[in-house]
Amino acid sequence: MAGLAGTTALNAATYVDMVWRGRPASSTPEQVIEELAKRSGRAIPGDSHERPNRVQALGALAGIAAGATVGAAAGQQHGVARRLGPVLGPALVGGAVMAATDIGMYRLGVTDPASWDAGSWLSDAIPHLAYGVVTWVLLPR
């Protein structure tokens, strides 16, 4: 449950950033889904209106799954995460979910974090830190 709450915090931080800067949503979740479909040889069904909606929804669901999975892992290791304290603990938990998604996108050839500018890194790091804070706070004591 902590990971799902953290995922909600990550999404909220992302949307606040989009409102603040007037930036569009990232297309990387959809690109991940497209690449996974291509590599698996599985077609995502639908016509020209339905299919993009399915791809977008699958991208969002993949993000929720990543947040729930990392949150579950943090819950299993809550003693370790808690002992790291209120600064390092959330940073580690947030960094874990950030690594899980960013490394996957890199390995699929969707993006290369080495080419990101400072603004791109902040746009990625701040929502993941929000995830880490909320998830860490909700871990069992």
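Contact here means heavy atoms within 4.5 Å. The model shown in these views is predicted.

**View 1**
Leaving out residues up to four places away in sequence, T111 touches M105, Y106 and W116. With W116 there is also a polar contact between side chains, at 2.9 Å. The relative accessible area of T111 is 16%; because buried means under 20%, T111 counts as buried. G79 lies 32 residues from T111 along the chain, and the C-alpha atoms of these two residues are separated by 34 Å.

**View 1. T28 in helix α2.**
Helix α2 covers residues 28-40, and T28 is found in it. The relative accessibility of T28 is 18%, so this residue counts as buried. The side chain of T28 is joined to that of S26 by a polar contact of 2.8 Å. When residues up to four places away in sequence are not counted, T28 touches M105 and V110. M105 is also among the residues touched by T111.

**View 2. Crossing of helices α2 and α3.**
The two helix axes come within 8 Å and cross at roughly 105°. Angles of 65 to 115 degrees count as roughly perpendicular, and α2 and α3 are therefore roughly perpendicular to each other. On the α2 side, the contact is made by P29, E30, I33 and E34. On the α3 side, R51, V55, Q56, L58, G59 and A62 take part. By residue class, the contact of α2 with α3 divides into five nonpolar, two polar and three charged residues.

**View 3. The largest nonpolar core.**
Ten residues make up this core: A2, L10, V70, A74, A81, V93, V97, Y131, W136 and L139. Four helices, α1 (2-21), α3 (50-76), α5 (85-107) and α6 (118-138), each supply at least two residues of this core. One of the core residues, A2, touches T135, L138 and L139, not counting residues up to four places away in sequence. L139 is itself a member of the core.

**View 4. L129 and V133 in helix α6.**
L129 has a relative accessibility of 43% and so counts as partly exposed. Beyond its neighbours up to four places away in sequence, L129 touches P90 and A91. The C-alpha atoms of L129 and G6 are separated by 9.3 Å, although the two residues are 123 residues apart along the chain. V133 also counts as partly exposed, because its relative accessibility is 37%. P90 and V133 are 43 residues apart along the chain, and their C-alpha atoms are separated by 4.7 Å.

S123 is in contact with D17, R21 and R23, leaving aside its neighbours within four places in sequence. Between the side chains of S123 and R21 there is a polar contact of 2.4 Å.

Key: Residues numbered from 1 in each chain as written. Predicted model: local features only at pLDDT ≥ 70, side-chain atom pairs only at ≥ 80, totals over all residues. Heavy atoms only, no water. Core = buried A, V, L, I, M, F, W, Y, C linked by side-chain atoms within 4.5 Å. Buried < 20%, exposed > 50% of the residue type's maximum accessible area, 1.4 Å probe, protein only. Polar contact = N/O pair within 3.5 Å; in protein donor to acceptor, adjacent residues only side chain to side chain. Axes fitted to C-alpha atoms, helices over the stretch in contact; angles between N-to-C directions. Parallel < 35°, antiparallel > 145°, perpendicular 65-115°, else oblique. Nonpolar A, V, L, I, M, F, W, Y, C, P; charged D, E, K, R; others polar.
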